[in-house]
Amino acid sequence: MRHAFDPELANVSRRGFLAGAGSLVLAISLRSRAIAEDTAQPKTFGADAMPNGWRDDPKVFVAIAPDGTVTVTCHRSDMGQGVRTSIALVVADELEADWAKVRVVQAYGDETRFGNQDTDGSRSLRHFFMPMRRAGAAARQMLIQAAAQQWGVPATEVEGANHMVRHAPSGRSAGYGELAQAAANLPVPPRESLRLKDPAAFRYIGKGEVGLIDNRDITTGKAIYGIDTRLDGMLYAVVARPPVYGGKVASFDAAETMKVPGVVKTLVIDTPAIPSEFQPIGGVAVIARNTWAAIQGRDKLKITWDDGPNASYDSVTYRTELENSARRPGKVVRAQGDLDAAMAKAVQRVEAEYYIPHLAQAPMEPPAAVARVSDGQCEAWACTQAPQATRTRLANRLGIGEDKVRVNVTLLGGGFGRKSKPDYVLEAALCSQAVDGAPVKLTWTREDDLHHSYYHTVSVERLEAGLDDKGMPVAWLHRTVAPTIGSIFAPDPKHELPNELGMGVLNMPLAVPNIRVENPEAAAHVRIGWFRSVSNIPHAFAIQSFIAELAHAAGRDPKEYLLDVIGPPRTIDPTSIGDVWNYGEDPSLYPIDTGRLRRVIETAADAIGWGRSMPTGQGLGVAGHYSFVTYTAVAVEAAVDARGQITIPRVHIVIDCGPQVNPERVRSQMEGAVIMGMGLALTAEITFRNGRAEQDNFDTYELTRIDAAPKELQVHLLPSSDYRLPLGGVGEPGVPPVAPAIANAVFAATGKRIRQLPIRDRLGA
């Protein structure tokens, strides 16, 4: 059987790599002994707090072949962020490997072996920078020890550099490949004895000189994404799913479908009870000899749907419900000072409500997977952000042990949170099971993806402020109302989860003495899921817009006013203001640093030329936000013509994420974040009528198009070369400040305040 899928990535000849027998595999201890032996189980943070934590184990991550080829296994999913390059780069630097002799293979889903594989939350390098450094350092030290023993010299006189081990006093040297087998026979050095490189000696980390290891394959079409996977004897499937969440098939007639040439079989997939978690939402699958026949067969199905409990879901009506909820007191989730007394004494009061609709992740590659279920085993190939969750759900759904399931991870053509949910992989497996184990590729069309996504939540944010005689806020009330992601896991929850509230509301670092945050109830009527940046999007839009509104009320410059509301540089323990989550990180390592937040805002404003005179119809806006333990700010120049059409000619984005492993990847992430943020600010919206999503494709769910991209987009990376400091997230923090910066720029250009996204044609006459 031929497998077109091949996870190997290399910048050396495949012929030069001798896999299997003869290659060296190095190993050291798993998690630190201190953690393993800690029976008291104190609160853990970072990777320690994630399921299955992390591994330092070179036996898992590093292999050296006799010809010297170093193979690094990447256990994170690459959806365009370049993590396969960055993980390998860290290992290679500590190993003192020649980058030209490094290759990467993609790990399959097995958290027991690889540690946590849930690629989301901007955690990959934040959590695995140090474990990957230690793996590389351990391998280097074992090679040195092997050489020292062979040459009869002290290991302290031997060095590893540029893929060679050298003993300067005797002039001896050996390549890594020559020493691999001897090193493999040595005990692995304990973690405490590892000698990490001085960061000043880094050859790759922080240099920004290493391109994507798979860039050539991607640009020449050789790279394999989920939708590219092909197996011999493979069949193809699509599914007609209930148009309303919670709906099911009442009856169907497949007679005309079976007349379509190439159609093999139809299969009813049961609708799960709500909450559906990661399970397929049901429907009728059409399995055929090619995808086109499957689509044609699906079009011929005659299905009567029972729309279920969400049949009346309507975006216009629901917005009114959210607004009504936001205008009533809700569950208090943060209380500081005496808000009511301060509000009563305020010289001026300002209030505003902000609305953000549902959004769909809409990755360029829709969900797609191949599965083969036969002989009591399942093997899947999928563009998944969560191969371990996929493995577990496949085992449970098929009624087999996880040891009988293997999930191979392909490249992802974008993910943005959608591909953390493996419903589409389960659909492929059920189809394969129905055709006696033949491999089946299941493909979602663009319409399928927009109609049946795990949508970003819809939100109403109501803010009220009382100002003193200097125009500064002395009282601040924020009511955030949004259906929660928890609704896909638990029946009918009405309040946001602590981690959703910890994305920009509980932890807003404002120098306001009296603050109350409330979370009134909101019911979910569709699948709510993670979307890049998650709840930071509505929270940042509302808070950063509202502060600009307060500046206007106070007659102040919005940038200077924003800095004053943030207050002087200081560090804040997030737990002291009600955020016990803190993105899962130790508050002592990751306090909120308002000095860093101020600095990114000042840098962005300076870069855009804040304060310069602007022509009529043009304006500048700025916004800053703290998310995923990183600080970002965006400054925008907007132009609005007489018809109310907006163009964004210039954007500057600034990030302070601490030490940067791969600056070019950080830069690319920020560029992508601006483009994505512009889309949700200006054009993107999913609406529902009669429970059905109204948008079908990119003509109605419009993302930022190339002609709307800024003519000038500059990324500013605030430098930090102190690698003793913790790393911040990168993948998501760039998005939240974009929309409020645009809204603030539009206000500066037109005097019209935008409180509802997308802006689209709201500025028309």
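Predicted model: local features only at pLDDT ≥ 70, side-chain atom pairs only at ≥ 80, totals over all residues.
Me: Which residue does a cis peptide bond join to Pro-758?

Reply: Most peptide bonds are trans. Here Leu-757 and Pro-758 are joined by a cis bond with omega about -5°. Another cis peptide bond links Ile-274 to Pro-275, with omega about 5°. Pro-275 sits in the loop between β11 (263-269) and β12 (283-288).

Me: What is the phi of Ala-362?

Reply: Most residues other than glycine have a negative phi. Ala-362 is not a glycine, yet its phi is positive, about 45°. Its place is in the loop between β15 (348-356) and β16 (368-374). Asn-582, also not a glycine, has a positive phi of about 50° and lies in the loop between β23 and β24.

Me: Is Asn-582 buried or exposed?

Reply: Buried means under 20% relative accessible area, exposed over 50%, and partly exposed in between, with a 1.4 Å probe and protein chains only. Asn-582 is buried, at 1% relative accessible area. Ala-362 is buried with 5%.

Me: How many residues has helix α17, and how far does it reach?

Reply: The expected span is 1.5 Å times one less than the number of residues. Helix α17 (residues 594-608) has 15 residues and reaches 21 Å from first C-alpha to last, close to the expected 21 Å.

Me: What caps the N-terminal end of α17?

Reply: A polar contact is a pair of N or O atoms within 3.5 Å; within protein, one must be able to donate a hydrogen and the other to accept it, and residues adjacent in sequence count only if both atoms are side-chain atoms. Asp-593 does the capping, with a side-chain oxygen 2.9 Å from the backbone nitrogen of Gly-595. At the start of α16, a side-chain oxygen of Asp-557 comes to within 3.0 Å of the backbone nitrogen of Lys-559. Just after α17, Gly-609 has a positive phi of about 85°; α16 is followed by Gly-567, with a positive phi near 90°.

Me: Which residues of α17 are buried?

Reply: Residues three or four places apart in an α-helix point the same way, because there are 3.6 residues a turn. In α17 the buried residues include Leu-597, Val-600, Ile-601, Ala-604, Ala-605 and Ile-608. The elements that the buried residues of α17 pack against (contact means heavy atoms within 4.5 Å) include α16 (558-566), β25 (618-627) and β26 (630-640). In α16, Leu-562, Leu-563 and Ile-566 are among the buried residues.

Me: At what angle do the axes of α16 and α17 cross?

Reply: Axes are lines fitted to C-alpha atoms, for helices over the stretch in contact, and angles run from 0 to 180 degrees between N-to-C directions. Under 35 degrees counts as roughly parallel, over 145 as roughly antiparallel, 65 to 115 as roughly perpendicular, and the rest as oblique. The axes of α16 and α17 come within 10 Å and cross at roughly 175°. The two helices are therefore roughly antiparallel. Lys-559, Leu-562, Leu-563 and Ile-566 in α16 meet residues of α17 that include Leu-597, Arg-598 and Ile-601.

Me: How do the axes of α18 and α19 cross?

Reply: The axes of α18 (residues 663-682) and α19 (residues 738-750) come within 8 Å and cross at roughly 60°. That makes α18 oblique to α19. A crossing is left-handed if the near helix is turned anticlockwise from the far one by less than a right angle, and right-handed if clockwise; this crossing is right-handed. Among the α18 residues that meet Val-738, Ala-739 and Ile-742 of α19 are Ala-673, Gly-677 and Ala-681.

Me: What does the side chain of Glu-585 make a polar contact with?

Reply: The partner is the side chain of Arg-126, at 2.7 Å. Glu-585 is in the loop between β23 and β24 and counts as buried at 5% relative accessibility.

Notes: Residues numbered from 1 in each chain as written. Heavy atoms only, no water. Helix = DSSP H or I, 4+ residues; strand = E, 2+ residues; numbered from the N terminus.
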